[in-house]
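Please read this briefing with the sequence and the 3D structure open beside it. The points are grouped by topic, so that each can be followed in the structure in turn.

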Amino acid sequence: MNNSVAKEKIVSLRKKRSLEDMRFKYYGFTAMCLSLAVLVFLLYTIFSKGYTAFQKTIVLLEVDYNQEVLKLTPDSSDEEMEKGKFFRVKKQAIENFFPDLSKSDIKLIKKLFSINLDNEIKDYFLENPEVINTKQQIWVTAHSDVDQLLKGNSRRDVPEDRRKLNDIQLSYVDQLVEENRVKQVFNNFFFTKADSRHPEIAGVAGSFMGSLFTLFTVFILSFPIAIGASVYLEEFAPKNRITELIEVNISNLAAVPSIVFGLLGLGVLLNVFGLPRSTPLVGGSVLALMTLPTIIIACRASLKAVPPSIKEGALAVGATKTQAVFHHVVPLALPGTLTGTIIGLAQALGETAPLIMIGMIAFIPNIPTGLTEPSAALPVQIYLWVESAERGFQEKSAAAIMVILIFLFMMNAIAVFLRNRFERKW
Amino acid sequence: MFFWSLVLIAVGIFSSFIYGRSRIKLNSKKQGTKSKSLPNYYAQYVLMWCLFPALIVYFSWAIFQEQIIQNIVISNFEFIEGAAYNEGLLLAEIRNVANNPSFADGKSVEIINAASQYSSLRQISQIAFYLSIIIIMLLGALYASRKLKPEFHAQHTIERYIQYILIFCSSVAIFTTIGIVFSLIFESLRFFAEVSIFEFLFSTEWYPFIPIREGQTAAEGSFGAVPIFAGTFLVMVVAMCVAAPLGLLTAIYLAEYASQRVRKIVKPLLEILAGIPTIVYGFFAFVSVAPFVKAFGQSIGIDASPTSALAAGMVMGVMIIPFISSLSDDVINSVPQSLREGSFGIGANKAETIKKVILPAALPGIVGAFLLAISRAIGETMIVVVAAGTAPNLTGNPFENVTTVTVQIVVALIGDQEFDNPRTLSAFALGLVLFVITLFLNIIALQIVKRYRERYE
């Protein structure tokens with residue numbers, strides 16, 4: 001009797017305990033899935049907000065390249081053509097965009113086109129000078145407001161005063177759609193132009209080049225210094241207080257917030273040394289100092305992985321210590337150090353705050369061509385676009401994030417490739 | 001210019017190498033003795049004496065050239081009496097005119113003169129630059145070539161030089177720390193000369209405005225940083241509430257329950273989460289999480305602002321999940337297997353083993369991981385800049401707008417930076433606080449983890 005009660009108790013307790021075990025396991029499983037679900041949701045958000053930025057809306061416009069309006073003749077030189085009165089041609093084209101337009105309508109229609117309209121009309125002419133005195137149907141970029149409306153990013157059912165386009169403009173856009181005079185094409189501007197105040201002609205080319213120049217600076221500075229430092233600490237450094245101080249220093253620097261490195265750049269590089277503001281040179285130097293601990297730690301790990309027998313073999317046949325290290329240990333550790341450097345560069349690529357501190361947040365509408373020219377950087381460009389009130393910039397920021405993520409992915413793929421291709425197991 | 005000068009230096013060091021090699025061979029032949037080291041070491045010796053002086057010239061030119069030219073141009077500029085000048089704008093204008101002569105139309109005579117002076121100075125500077133690089137390299141080679149005798153131990157000298165270079169490389173980390181500490185302290189002292197340190201640390205009013213006119217009383221700024229510290233703390237607490245349970249449970253699952261295959265898939269995915277730039281999280285917080293939080297707040301009757309501590313904190317929590325999970329994973333894995341086996345041996349199941357044996361054993365390491373995560377959360381910038389707002393509210397309500405130390409640093413330094421007012425300098429004082437706190441947390445955490453490691457090794 002007693003026995004069976006006790007048995008029942010034990011059985012029920014065991015059931016409870018194994019249930020508890022199951023539950024605990026599922027807590028862990030759920031936590032893991034939740035973390036991964038956030039990752040998926042994050043990527044989904046970026047993709048769904050950003051993919052539209054790779055397309056732009058263009059409008060068919062009839063342009064009359066009349067020689068009297070242009071103040072050109074068929075045999076004008078190239079220089080004269082540059083100075084042709086294209087704004088007058090544009091004005092005429094807009095006035096004749098729809099039949100019988102009133103003055104106020106023309107003003108409204110003008111806002112359906114991008115700010116770049118003059119240039120597009122001019123460029124078409126410069127490429128095809130033979131079109132003088134003919135009427136041409138050319139596709140020109142639409143204004144961002146039209147673009148956003150047709151992509152469905154801005155809604156048309158809100159009251160008129162909260163919309164960018166008023167009712168008359170909407171009806172014109174609808175008419176264009178009906179007459180097949182608008183279409184969506186690949187947005188080449190996004191990849192060929194720098195930042196702009198106007199979303200329809202803003203692109204990532206400028207900030208991409210800025211990021212490349214910055215990364216180049218980071219690489220040039222941090223790779224040799226990191227190799228030197230890790231070779232010294234791993235192979236030569238005597239065990240004393242100074243060495244210990246350096247090691248503590250490096251591990252603590254790795255945990256200093258990036259914004260503090262920005263303050264360092266501002267306080268020392270800009271204010272004391274007077275280096276030019278907003279340039280990849282300064283940005284790269286700051287990021288190099290910031291990523292140095294990461295790279296040093298990776299380099300030391302790969303130096304450590306080279307078996308001591310290699311160095312000892314070299315020493316045994318009469319090499320000096322320097323020869324043994326530089327002729328035998330370092331070449332074997334090189335793939336590992338390169339991998340570590342690329343991972344450090346990937347970290348530097350995404351870093352925003354230090355670049356803001358040293359002024360790479362300035363509005364730079366042209367593509368930089370050198371290390372000492374003011375330029376933007378991809379992550380800062382994203383920040384500027386996220387903060388921008390203009391609707392059209394939101395999709396741009398998501399698309400720029402896609403660009404930076406692909407860039408990061410490629411860097412990591414190279415690192416993994418290097419590791420798998422060259423890493424030796426001893 | 002800088003590209004061609006690099007080419008020049010490359011040609012210089014290449015020829016110095018060749019020169020050193022052939023010269024030592026010649027010398028030893030002349031004396032009929034073998035040189036003490038291989039010819040290449042003599043060549044390297046000459047090379048170093050060419051390269052390093054040239055690099056010093058190169059970098060000093062790169063750093064100081066523009067500064068010096070600008071100072072000369074400005075000091076020679078014929079200022080018109082009574083007209084107001086902004087030096088930066090003026091310089092930009094002069095540079096523009098100098099770079100494209102087509103901009104000269106309609107500019108004043110003074111500017112055109114200054115521009116022509118600017119471009120001629122630049123030309124002089126370039127010529128001087130190339131000349132001085134060539135001269136310094138020749139001088140270096142000359143100095144080195146006097147030592148190119150067979151009895152000279154070139155290899156020893158070279159190895160000593162290499163040691164110096166390596167020591168210099170490793171001390172860069174120390175220079176960086178010194179640079180950080182000095183720049184923060186120096187500018188902070190200027191800040192505390194105008195604002196008392198007690199007001200900064202204990203007062204609750206943060207209005208970083210500065211009087212625009214002399215004697216204007218209405219806009220007297222006040223710099224009490226308590227609301228900022230409170231906001232930072234609030235965001236950090238929200239982040240840890242998200243990251244601590246999720247990160248720790250993930251780590252436990254991966255370390256104790258998951259199969260090898262699951263680990264192999266999940267760990268790289270978590271690394272992706274860790275590798276995503278913080279501005280991307282900021283975008284995510286701004287576009288997806290903040291509107292959700294606002295809607296959620298309204299549905300339960302709380303008036304949530306579009307940017308809130310909750311939105312920023314939650315996303316920041318997601319950001320540090322991989323950080324906590326990978327650190328905790330390491331810690332849990334380093335708990336000796338014998339402890340687990342002992343626990344299983346007396347009949348405990350997995351959950352009981354984890355809760356009663358492994359976690360208590362791993363506790364110091366986990367605490368260390370949490371401390372490191374907290375220091376990450378405090379120093380994180382872009383998420384809070386985009387999603388937490390800038391209003392210094394002293395509040396415990398996570399649905400409200402709060403501001404953090406990092407946000408205020410960014411706000412103070414965006415736009416015009418005049419280093420003579422407390423508003424700009426406050427960034428450095430805040431940076432100093434941030435640096436001290438994160439350093440402190442980091443040292444404690446590293447100590448704890450180190451002790452913990454020692455216990456089980």
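Helices and strands are here DSSP runs, at least four residues long for a helix and at least two for a strand, and they are numbered from the N terminus. The model is predicted, and its overall scores are an ipTM of 0.91 and a pTM of 0.88.

**Confidence**

- Chain A has an average pLDDT of 89, and 100% of its residues score at least 70.
- Within chain A, the lowest confidence is found in helix H3, with a mean of 79, while the highest is found in helix H14 (residues 308-316), with 94.
- Chain B has an average pLDDT of 86, and 93% of its residues score at least 70.
- Within chain B, helix H3 (residues 87-99) has the lowest confidence, with a mean of 74, and helix H7 (residues 226-257) has the highest, with 94.

**Domains**

- Chain A is assigned three domains, namely domain 1 (2-51), domain 2 (54-193) and domain 3 (205-422).
- In chain A, the C-alpha centres of domain 1 and domain 3 are 40 Å apart.
- Chain B is assigned domain 1 (2-151) and domain 2 (222-455), and the centres of these domains, taken over C-alpha atoms, are separated by 49 Å.

**The sheet of chain A**

- Chain A contains an open sheet of 3 strands in the order S2-S1-S3, and the pairing is antiparallel.
- The edges are formed by strand S2 (135-141) and strand S3 (182-186) of chain A, each of which pairs on one side only.
- From one strand to the next, the twist averages 40°.
- In general, the strands of a sheet pair through backbone hydrogen bonds, and this can happen in a parallel or an antiparallel way.
- Strand S1 (residues 55-64) of chain A runs antiparallel to S2(A) and is joined to it by 7 bridges.
- Across this pairing, A:Leu60 is found opposite A:Trp139 of S2(A), and A:Val63 is found opposite A:Gln136 of S2(A).
- S1(A) also pairs with S3(A), again in the antiparallel sense, over 5 bridges, and here A:Gln55 faces A:Phe186 as the residue opposite in S3(A).

**The contact between the chains**

- Chain B brings 73 residues to the contact and chain A brings 69 residues.
- On the side of chain B that touches chain A, helix H5 (residues 154-194) of chain B gives the most, with 19 residues.
- By type, this side of chain B consists of 48 nonpolar, 21 polar and 4 charged residues.

**A buried loop residue in chain B**

- B:Thr404 is found in the loop between helix H13 (382-387) and helix H14 (405-413) of chain B.
- Is B:Thr404 buried or exposed? The cut-off for a buried residue is 20 or more other C-beta atoms within 10 Å, and B:Thr404 is buried because it has 33 of them within that distance.
- Leaving out residues up to four places away in sequence, B:Thr404 touches B:Ile228, B:Gly231, B:Thr232, B:Val235, B:Val384 and B:Ala388.
- B:Thr404 and B:Leu234 are 170 residues apart along the chain, and yet their C-alpha atoms are separated by 9.1 Å.

- A:Asn180 is located in the loop between helix H8 (167-178) and S3 of chain A, and it has a positive phi of about 60° although it is not a glycine.
- A:Asn180 has 8 other C-beta atoms within 10 Å, and it therefore counts as exposed, since a residue is exposed if that number is 12 or fewer.
- A:Lys71 is located in the loop between helix H2 (67-70) and helix H3 (78-82) of chain A, and although A:Lys71 is not a glycine, it has a positive phi of about 60°.
- A:Lys71 is partly exposed because it has 13 other C-beta atoms within 10 Å.
- A:Lys425 belongs to the segment after helix H18 (392-422) of chain A, and A:Lys425 is exposed because it has 4 C-beta neighbours inside 10 Å.
- A:Lys425 and A:Ala305 are 120 residues apart in sequence, while in space they are 9.0 Å apart from C-alpha to C-alpha.

Terms used:
Residues numbered from 1 in each chain as written. Chains lettered and ligands numbered in written order. Predicted model: local features only at pLDDT ≥ 70, side-chain atom pairs only at ≥ 80, totals over all residues. Domains from an automatic or database assignment. Pairing = 2+ DSSP bridges. Axes fitted to C-alpha atoms, helices over the stretch in contact; angles between N-to-C directions. Contact = placed C-beta atoms within 7 Å. Nonpolar A, V, L, I, M, F, W, Y, C, P; charged D, E, K, R; others polar. pLDDT = per-residue confidence, 0-100.
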